[in-house]
Amino acid sequence: MAPPAEVLAVRGLSKTFPGVRALDDVDLTLHAGEVHALIGENGAGKSTLIKLLTGVYRPDAGEITFQGAEVSFATPLEAQKAGISTIYQEVNLIPLLSVARNLFLGREPRNRFGVLDIARMNSEAEEVLRGYGVRVDVRRPLRTLGVGAQQMVALARAVATDARIVIMDEPTSSLEPREVETLFSVIRGLRDAGIAVVYVSHRLDELYAVCSTVTVLRDGRRVHHGSLAELGRLDLVSTMLGRDLGEVRAEGLTKFSGDHQATDSEPVLEAHELTVPHRLHGVSVSIRPGEVVGLGGLLGSGRTETAKAISGALPVRSGRVTVAGVPLRGGSAAAAIRAGVSLLPEDRKSEGIVPGLSVRENIALAVLPRLSRFGLVSEARVDSVVDTFVTRLRIKASSPHQKVGELSGGNQQKVLLARWLAMNPKVLLLDEPTRGIDVGAKAEVQKLVDELAADGLGVLLISSDLEELIEGSDRVVVLKDGAVVGELTGDDVTEDKLMRTIAGDTAATAPAAEEVAGDG
Amino acid sequence: MAEATTLRTAPLDRARVLQWLQTYGVYAGVAALLVVNVVITPNFLTAENFRTQAVQVAPVIIVALGMALVIGTEGVDLSVGAVMALAASVTALYLGYGLLPALLAVALFAAAVGLANGALVALVGVQPIVATLALMVGGRGIALVLLPQLEDLRNPALASLGSGDVLGVPYLILIAAVLALLVAFTVRRTTFGRQLLAIGDSRPAAQLAGLPVRRVLIIVYVVCALLAAVAGVLATARLQASDPTSLGNLMELSAITAVVVGGTPLTGGRVNIAGTVAGAVLIQLLTATLIKHDLPPSWTQIAQAVVIVAAVYAARGRGRR
């Protein structure tokens, strides 16, 4: 068999932004039918490279050869027309248009009078989407679909445009495991059809499951490229981090130290029978000081809702929350925060940071009234709090006055943690604290969670990263369809047991399961 | 860093120019108009002329201060003109009891309008433009019910408020200046100001951070209405007549123009008080220049439109890189 044709050859690509060398002399070669992992920490240059390939930015130096000819795309549309399609982390479709309209946007089928052929468009859309495991009424507005299904529509759209290269920027960040499987089968289909795929993800499992080759970027340079299978996981992580292999191995893949000294003292937080219509059906969780309680379950099992209900951000129909024995007046985030319960929300960008304000203002946001007298802010006290946490959490910003929106995901997350730690909370609810942040920041956040628990804080940890959930938690409460279906303690806190519980193997978890059955 | 500067390409240069224009354009515009007027307008450099201009612009500035706060929360208040009219009516009705009781009554009415605006926006969740549109129509309606036509006011205290001065500086200007400083201080140095900006930038994040979102929003609309009422009383005092039919007509648009031209984005999260004051002054000078050179009022409107478009264009450069 002849070697597959070279689809894309990038030579010496460089891009500089004011003050930052974002990409420095990077090469990249893609062959037909290759699934290529593009990895690196946040700020390594992945996004810049993708944006250069798709015509969002123009390179300062270097050349891009696509299908044998040198190209220079002026706009993303040009790149797309030439055959380079991109699926971004956030779905960028039009929420109010129908699913079918979104799928065919810009290339709608027309009848012989040049008028939009809606019937044909709808039937074709239905057929295309079925191939992606999405069975929906394609006439519905896109926004009525779940995020996962929307992602599939974006994918179908990207592929349907006769793409030669499909670039996927963290496509699985909002998908359920089942949808990830569908995505993988779609990717394999693309591969077999001779389409090159660039796959960007922080999830190592996925990379090894689907990618054949890899390019590792660090600080804007290419530090490794070649076959992925020949590069072990630890090698991959150490290459990406630029750290000594022995050091990484010694620390394991997560930064968690294992069990904490969870005391037998009274729970610092008790949530009892929380019920939210259609979301939660009598969920009870308790957390003791110094304990990290994991919330396990699939997407949509009610993990986020549980955290939000406890923190007052989601109104409950019934149930109660007590903090250190004192009942919480429900219904407001402010009341929960006063009582010492802080939530790090899942959607960091829209519910966490205030993007236009500075690092300083963001850290001081919640604690501001305590740093003020008669409503006047004491700048000196704010500065001292901000300095403390910028140092302690190693927040990397050009100055405390830099806008938070300009920081990397990991640093944004640290700013949010600083905001809450400044409040001296009793309980921290962490909803996907390491999602979408680079490996280095992830390790730091994990280590911090450990330290906080050691200091006697109660922590509720939600994570789709099983490894993180298992290694980070002392105990895991498993949710399914808005109800508790089991609890793993001690030696039972393993990935295997967790999967079994989610899958419904009740043998290991009889007591808790009975409890739920009793509630009906 | 030096390398980066030399590598900057043409589009980035334009972005920088736009950025500069958005921050300093309004001051440059004021300076340019001053220079042009010194050259082409006879008797421009007289104390009397400056006094006239300042007295005319003072009510706009006072209303624009409140508007800037509201816009900082990603809102807008269309009812400010109606509140001015209401202030005029209520002043006329209660002036018989003396100036102070009349002012108190005005404050109560204005606070009620602000409270209604704030409640609709913060508690009911109506979009600000719709909520305040209701009060814009209804507020002037109430003003006209209270006082159906123009009424001359003969009250020495009120008259001195409108035309009196301290060391040659009219009360109107002093009040506007003090209020501008007070509002600027509130935005920069108080918890309330910081919370206001956070809410304007990202309301969900502010909510989850435990900020008193509803309270801040309601207070902002009440403050805006109170400031509009102050402007209404001062305008009435200067006229020495209560004119609920035409007082404050289109004031909401003048105020929004001053705020936007002054570099406060409509998307919330930022409030530029100095820019707002300069924005009001810019429009005032532009209008005065054209009038003094006997150009018809339609020209003034066209010139205003050009300034607004320029301001919006400069603002567009922000947030894109």
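Biologist: Which helix of chain B gives the most to the nonpolar patch?

Modeller: That's helix α2 of chain B, residues 10–40, with five residues in the patch. Keep in mind this is a predicted model.

Biologist: Who's in the patch, and what area does it make?

Modeller: About 650 Å², made by V35(B), V36(B), V38(B), V39(B), I40(B), L45(B) and F50(B).

Biologist: Where does F50(B) lie?

Modeller: In helix α3 of chain B, which covers residues 47–72.

Biologist: OK, switching to the interface. How many residues does each chain put into the contact?

Modeller: Chain B brings 27 residues and chain A brings 34. The area buried between the two is about 2,200 Å², and carbon and sulfur atoms give 63% of that.

Biologist: Which residues of chain B lose the most area to chain A?

Modeller: T191(B), R194(B) and L208(B); together they make up 30% of what that side buries.

Biologist: What does R194(B) form a salt bridge with?

Modeller: With E361(A), where the closest N and O atoms sit 3.3 Å apart. The count between chain B and chain A is three salt bridges, and nine residue pairs are in polar contact across the interface.

Biologist: Which elements of chain B give two or more residues to that side?

Modeller: α1 (2–7), α8 (171–189), α9 (191–201) and α10 (203–208) of chain B. α9(B) gives the most, with six residues.

Note on methods. Residues numbered from 1 in each chain as written. Chains lettered and ligands numbered in written order. Predicted model: local features only at pLDDT ≥ 70, side-chain atom pairs only at ≥ 80, totals over all residues. Heavy atoms only, no water. Patch = residues over 30% accessible without salt bridge, like charges linked within 9 Å, V, L, I, M, F, W, Y side chains within 5 Å. Areas by Shrake-Rupley, 256 points an atom, 1.4 Å probe, with all protein chains shown as cover. Salt bridge = Lys/Arg side-chain N within 4 Å of Asp/Glu carboxyl O. Helix = DSSP H or I, 4+ residues; strand = E, 2+ residues; numbered from the N terminus. Contact = heavy atoms within 4.5 Å. Buried area = accessible area lost by both parts, 1.4 Å probe. Polar contact = N/O pair within 3.5 Å; in protein donor to acceptor, adjacent residues only side chain to side chain.
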